[in-house]
Amino acid sequence: MAIEIPAMTTDQEKQAPLQPGLKTQPKQTDTPAPSSAATAVTVRDLSVFFGTNHVLQGVSLNIQARAVTAIIGPSGCGKSTFLRSLNRMHELVPEARMTGQIRLFGEDIYARDVEPVIVRRRVGMVFQKSNPFPTMSIADNVTVGLRLNGVHNRAALGELTEKSLRMAALWDEVKDRLHAPALSLSGGQQQRLCIARALAVQPEVLLMDEPASALDPIATAKIEDLILELKKEFTIVIVTHNMQQAARISEYTAFFYLGELIEFDSTRKIFTNPSKKQTEDYVTGRFG
Amino acid sequence: MAPTNHQWRKLKNLLVQSVTCACALLVIAPLALVFFHLARSGVGSVNLDFFTHLPKPVGEVGGGMANAIVGTFVLLGVAALIGVPVGVLGGVFLSEYGSSKLNWWIRFAADILNGVPSIIWGIVVYALVVMPMKTFSAWAGGTVLGLIMIPLIMRTTEEVLLLVPNGYREAALALGITQWRMIVQIVVRTALKGIITGILLALARVSGETAPLLFTAFGNRFWNHNLSDPIATLPLQIFSYAISPYDEWHRQAWAGALVLLLLITAINVSVRLLTRDRFSRHGH
């Protein structure tokens, strides 16, 4: 890659032996079996509390690298909390605490000497409501993560702007007005800009919290196409309320209910032949 | 019976509408009266000399308030030096860092300070600055105005920062941006117009203060060449001219009042211009 944030370089060196050929390994074209693919994130016995509220209870699962993992479940089941615990964003809630372990390519992201800031550079996030920074242009929004982390090489930033916007399938629509305000874009374009912004810091994992739920069907289809494209290079975890969406774009699906992981398997299995009654009831629309 | 009932209702509605409208218009009336009266009494003495000359001794016609006009801006500068950094940074703390319990006490204190009569600020600064320095001074006057500005700016800064949607903070943190950079480059930048508005309104508010300056800045009939010496300001000059027995000084006081009012109006108009597109989307 052309540019690295200094801290990220060391991280990637550290994880190099545990992540053989993440950048060089051939593209996976079909769904790999859970056992055969590289594991990006290992979650072991994760519990999250907000004050006395036990939001997640003993969740364990492996998130596969370069695949899409969908998190489904009814409102309040802990989906978003699970997603946010993967880049320590849940810590923004003052009374949050967690037990258990989360490893990112083998490295404990909750180890005492690991700063949340470093974790978040490696695990990017896209939110439900698109939130490009209103005071910045389209180009500045893309590069903000690097600029505010000390990268000021104009040529490199320009190159990265194009690369990230191309990856987010937005380049052709905005290349002639990179310095226009970000808020001049449509809602769907703004969300793809947020994806480009997250990609620009070159994360290894991309978390998406209902990224298309506020968009119209055409914009949603574009985001879904984009996710299918991005999984060739990134590990994607997506929370969605839309089960058709989970079925369309994900290889693996985790079903959460009342703070517990009920079932985690390949998406095909979850939607055609789930092992648990609760999962079947949910995916067939009998509750939730 | 039904039609009369209906007409009676319409009449009642009209009545209430006219009474509330009249009360609302009463807000405009005093402003119009003040402007009209000041313009009529003061405009005759507002000329180039008024802006460029020192006051003339008693008995001589003419002269101006150049020293008081400059002094007003000097004091506002000193006040901003104290009030802006403390107020803005305090507001940032309230909005971005503080715990809810501590914040409650700070807000409570700021609200009480906002209600403290300005003359009490004057007494405090007299004891803290004037007595140790053994002289009235621009420093003391600026300190009073700065202290009055702190709680005003702190609360408005906090309020406009709280208006910045949390999504921006989360987006910045999720990019691995540190909290202080997020606050300075994203949150404060997004709310900058609102913060500047708060600062300007605080400046407008203190630019007319008179009472606390009587025994801090004290006033001066000549140029101030040293911030450790007494300094003239428009409100002080108006005060001392208005209570004098001389017609010429009365005319000067009217002129000073008109200039002061125009100055404050100018600040308010610039606030309006600044906030005009605050909520509109950029670039359309």
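Analyst: Ground rule for sheets: two strands pair if DSSP finds at least two bridges between them. Strands (E, at least two residues) and helices (H or I, at least four) are DSSP runs, numbered from the N terminus. This is a predicted model, where local features need pLDDT of at least 70 and side-chain atom pairs count only at pLDDT 80 or more, while totals for chains, interfaces and linings use all residues. Residues are numbered from 1 along each chain as its sequence is written, and chains are lettered from A and ligands numbered from 1 in the order in which they are written.

User: OK, what's the strand order in the four-strand open sheet of chain A?

Analyst: E2-E1-E4-E5, with antiparallel pairing. Strands E2 (53–64) and E5 (107–108) of chain A are the edges, each pairing on one side only.

User: How many bridges join E4(A) to E5(A)?

Analyst: Two. A:Leu104 stands opposite A:Glu107 in E5(A).

User: And the six-strand one?

Analyst: That open sheet of chain A goes E6-E7-E8-E3-E9-E10, with mixed pairing. E6 and E10 (260–266) of chain A are its edge strands. E6(A) pairs with E7(A), residues 205–209, in the parallel sense over four bridges, and A:Gly124 faces A:Leu206 in E7(A). H7(A) packs on the sheet, touching E6 and E7 of chain A, and its direction makes about 170 degrees with that of E6(A). Angles run from 0 to 180 degrees between N-to-C directions, and axes are lines fitted to C-alpha atoms, for helices over the stretch in contact.

User: Switching topic: how many residues of chain A are in contact with chain B?

Analyst: 26 residues of chain A, against 19 of chain B. Contact here is C-beta atoms, placed from the backbone, within 7 Å.

User: Which element of chain A gives the most to that side?

Analyst: H3(A), with four residues. That side of chain A divides into 15 nonpolar, seven polar and four charged residues. Ala, Val, Leu, Ile, Met, Phe, Trp, Tyr, Cys and Pro count as nonpolar, Asp, Glu, Lys and Arg as charged, and the others, Gly among them, as polar.

User: Over in chain B, at what angle do H6 and H9 pack?

Analyst: About 150 degrees, with the axes of H6(B) (138–162) and H9(B) (192–207) 9 Å apart. H6(B) and H9(B) are therefore roughly antiparallel, the label for angles over 145 degrees.

User: Which residues meet there?

Analyst: Among them are B:Leu145, B:Ile148 and B:Met149 from H6(B), and B:Gly194, B:Ile195 and B:Arg205 from H9(B). By class, the contact has ten nonpolar, four polar and one charged residues.

Technical notes: Contact = placed C-beta atoms within 7 Å. Parallel < 35°, antiparallel > 145°, perpendicular 65-115°, else oblique.
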